[in-house]
Structure formats: structure tokens, C-alpha cells
Amino acid sequence: MSKAIQITAIKGMNDILPPESARWEWLESIVRRVMAEYAYRNVRTPVMESTQLFTRGLGEVTDIVEKEMYSFQDRQDKHGDADHLSLRPENTAGLVRAVAEHNLLYDGGKRLYYMGPMFRRERPQRGRYRQFHQIGAEALGFRGPEVDAELILLAVALWRELGIQNWRLELNSLGQPDERREHRAALIAYLEAHADQLDEDARRRLHSNPLRILDTKNPAMQALVEGAPQLIDYLGDASRRHFEAVQAILAANGVEWRINPRLVRGLDYYNLTVFEFITESLGAQGTICGGGRYDYLIEQIGGKPAPAVGWALGVERVLELLKEEGVHILDPVPDAYAVIPDAAALPQAMRLLNQLRALGVAVQMHAGTAEGMGSMKGQFKKADGSGARFALIFGADELAVGEVTVKALRDGAGAQTRQSLAEPSVWADILKSTA
Ligand code: ATP
Ligand code: MG
């Protein structure tokens, strides 16, 4: 028989394994706590949606819809019809679909958050993957600038709780559709006058989506976009007041920002406030979080019109940044390791271990082989390797008198006591980490 070819993961899609996975769990637990503090509630939508949701929601002429989506046709049903499906490239469209579909806004605004994998067929590189993870917060049904500010403060609170220091906040206002139309005309006129300097993407987008040209990553076009008409100069009074109100709240909360008139964000659905959190520590993939207001998305996908604002952060980039900043995250270790010299002790030992676990003690049990439990020396080596602070020794002598030996492996290593099997609740606390 020939040797089977080893199957590997898909390029740009990563396994997240220990000890790295502990960093993910740690980050997620902090996110859950901060979301609860701001009264944002969790939603989970499917990773697959109708392709239409994204073509309509994100805009046909966006990087994502033009070239990054994983789309396919489902099998035909008995009428010969087949759905066009896509793996979600982001979660705002899906969340908005769910909010509209279940009429969640019937009794007022909702504050929601999600975490999960997203899929984009980009060129894999550091900070850019084909399956990556986003955490997002969205407030729907609120029109006021205070909610824009609240979401930004929520992100700032997250950076603080995670211990991330190296970030800056960039803000812009994209105004309202009529203001954008006026700016768009001026922008097209400007870009047409410099048509010779446009790259292929820009030429294609000149009439379909000129705003997106300002978002270009092509260094050769930087000077051109620097000189382009700025949306911020086309804002009417209401848009300007909204933008100023957001900034006043940030200022009162000690948050610094910089206005970037060229910040337009990658998706079509934004209006008024847009923002990005950017770090210098990650090279080209420096945007760790981006968002803004999207008051027209819900009706665009067929829901009852309602204002909304939100952001999404890239989990891989945030974790990479934590590493760059030297934020130390403790690898979880068991409190105790159970050393079991003889398999005959297993039933009694495992009964006690489960009682300890129910009391909140993390216990790793030594597991043997078909031949037996293995030497004491080997078991103690495993106990040390586990990082546990105590060994629980279930020797025949101890068990005979209804006891177990508790031996310190770290602080005061070697010190040992005997404890009663009958009443673990009396002594379980000595095993628990106080750190
Ligand atoms: P970029 O300009 O870096 O491509 P984007 O504007 O496409 O980002 P958004 O759609 O706003 O990104 O997604 C929000 C966040 O998700 C980004 O700021 C980034 O941190 C993260 N992100 C986006 N695409 C990827 C990816 N392919 N791999 C890892 N993280 C990503
Ligand atoms: Mg992108």
C-alpha cells in the first residue's frame, strides 16, 4: 500500500493551538467582561449567508465583493434552483440581516456584539489571513452622536484592559448622501484632470466608486490623493454638528484623536462618523480596528430604515500587537497533578479528583499505559512539566488510612502534608492559586 499524502490546512487558514489558544481565551474573556460593562449583548449569526447580502450590503465595487469573497453555488433543490452562497467576509451585514429579520428594534435601540471567523481570499501575509477573526460591536436604532462616542470609548476601554498602549485614533466624517454626491462630482473632476496618474484600479473605479480611490494603498498615487477635494469641506451644518459632538465627548474622556480627511474605510455602507485605531507596531497591517456609522445599510438589505453605528477589530492583529508590546499572558496551569502509583488506586483517586474539581481546583490526572501507571520518577517528571504547584500522591499507605499526600512542587518545594479523602472541602483551598 502506498503511503497516503498528508493533508494540510488551507493556505491562509490557521490552526490555533495551545499555548497560543490560551491567549485567545484570555482576550475573549476580557472582551466579554468589557462588553457586559457597556451593556452590549452577544449575537451569533451563521458563517454562510446569501451572496446577495454582501453584494447589496457592502457594495459591488469594493475589494471584498470584487475579489475577496468565497462564493459558490449550492446544490440544486428538487425544482432545479440553487442558492448563491458566500462565507461571510465580515459580520455587520449578517448582524443587520438578523436584526431586521427578527424585528429586534421593535422596542427601541439595541447594543450588540459578536466574535468569530471571517473569510476573505486575500494574499496571506503577516496580519492578513484568509480565515481571520473579528470581534465587533454594533449599536442599532440610535441616531445621536453619543452612541458613536460610546463605541469609541468602548474600544479604548478594551485597549486599556488588554494592556495595549501603542495606538492612535483617526476620525473622519463622510457626511450624508447628498453631501457625498456634491463631493463626488468635484472628486471625479479632479481625478479626470489627473487621469494620467491613476492606476488601473483607480481608472476602473473613477465613475463607479471614486471615494474608494482615496483609500488606495498604491504609494505612487499618494501625492494625487493628498491633493484631492476633501469630503469634510462639503459637510452641511447637521453633519458638522454631529461630528463635533462626537469629538466633544472624546475630549471630555481624555481620548486623543487625529482627523484624517482621507479616511473613507473599505466598505460602501458608511456615513457620518468613521474611525480607525491604528498602531505603528505592526508594519503595513497596522489597522487593528475600524468602524463608523451606517444609517442606510438596514434599508439597503430590505429592512425597515434604522440608524446604526459599529466597529470591528481584527483578533490576530490585536494578539500580534500584544506580543509586540510584551504583554505577558499567563499560560493556564493546573493547580495540582495527581500521582497514582498503582492502577488499583484509580477508582478512589478519581472520585476525589472530581470532588476537588467541583470545589474549583484544576487537576490534571496522570494517565498510564496498558502496562500500568509508570514509575514514580516518570510521574513526578510529568507533574513538574505540567506546571502544577502541588502533587497529590495516592499511595497505598495513604489510601489505607483514608488520606492523600499533598506535596508542594514550586514554592517551598518538597513540603508535604496528609489530607483526609473524606472531607476535601476542608483543605481544597490550599491547592487553589491565590495569584
Ligand atoms: P485592511 O485595510 O487592513 O485590509 P479592512 O479595511 O479590509 O482592513 P475591515 O473590513 O474594516 O478591514 O475589518 C476590520 C478589521 O479586521 C481590520 O481593521 C483588521 O484588523 C481586520 N482584518 C481585515 N482583514 C483581515 C485579514 N485578511 N486578516 C486579518 N485581519 C483582518
Ligand atoms: Mg481589506
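Mentor: Glu138 is found in strand S6 (residues 131-140); helices (H or I, at least four residues) and strands (E, at least two) are DSSP runs numbered from the N terminus. This is a predicted model, where local features need pLDDT of at least 70, side-chain atom pairs count only at pLDDT 80 or more, and totals for chains, interfaces and linings use all residues. Residues are numbered from 1 along each chain as its sequence is written, and side-chain values use heavy atoms, with hydrogens and water left out.

Glu138 is buried, with a relative accessible area of 1%; buried means under 20% (1.4 Å probe, protein chains only). Leaving aside residues up to four places away in sequence, Glu138 touches, among others, Tyr40, Thr92, Lys110, Arg111 and Trp311, a contact being heavy atoms within 4.5 Å. The side chains of Glu138 and Thr92 are joined by a polar contact of 2.8 Å. A polar contact is a pair of N or O atoms within 3.5 Å; within protein, one must be able to donate a hydrogen and the other to accept it, and residues adjacent in sequence count only if both atoms are side-chain atoms.

Thr92 also has its backbone nitrogen 3.3 Å from a polar atom of the Glu90 side chain. Glu90 lies in the loop between strand S4 (84-87) and helix H4 (92-101), and is buried at a relative accessible area of 3%. Among the residues that Glu90 touches, not counting those up to four places away in sequence, are Arg120, Gln134 and Tyr269.

The unreviewed UniProt entry lists Glu90, Thr92, Arg120, Gln134, Glu138 and Tyr269 among its "binding site" residues; UniProt positions are given in the numbering used here, feature names are shortened, and annotations may be inferred rather than shown by experiment.

Notes: Chains lettered and ligands numbered in written order. Buried < 20%, exposed > 50% of the residue type's maximum accessible area, 1.4 Å probe, protein only.
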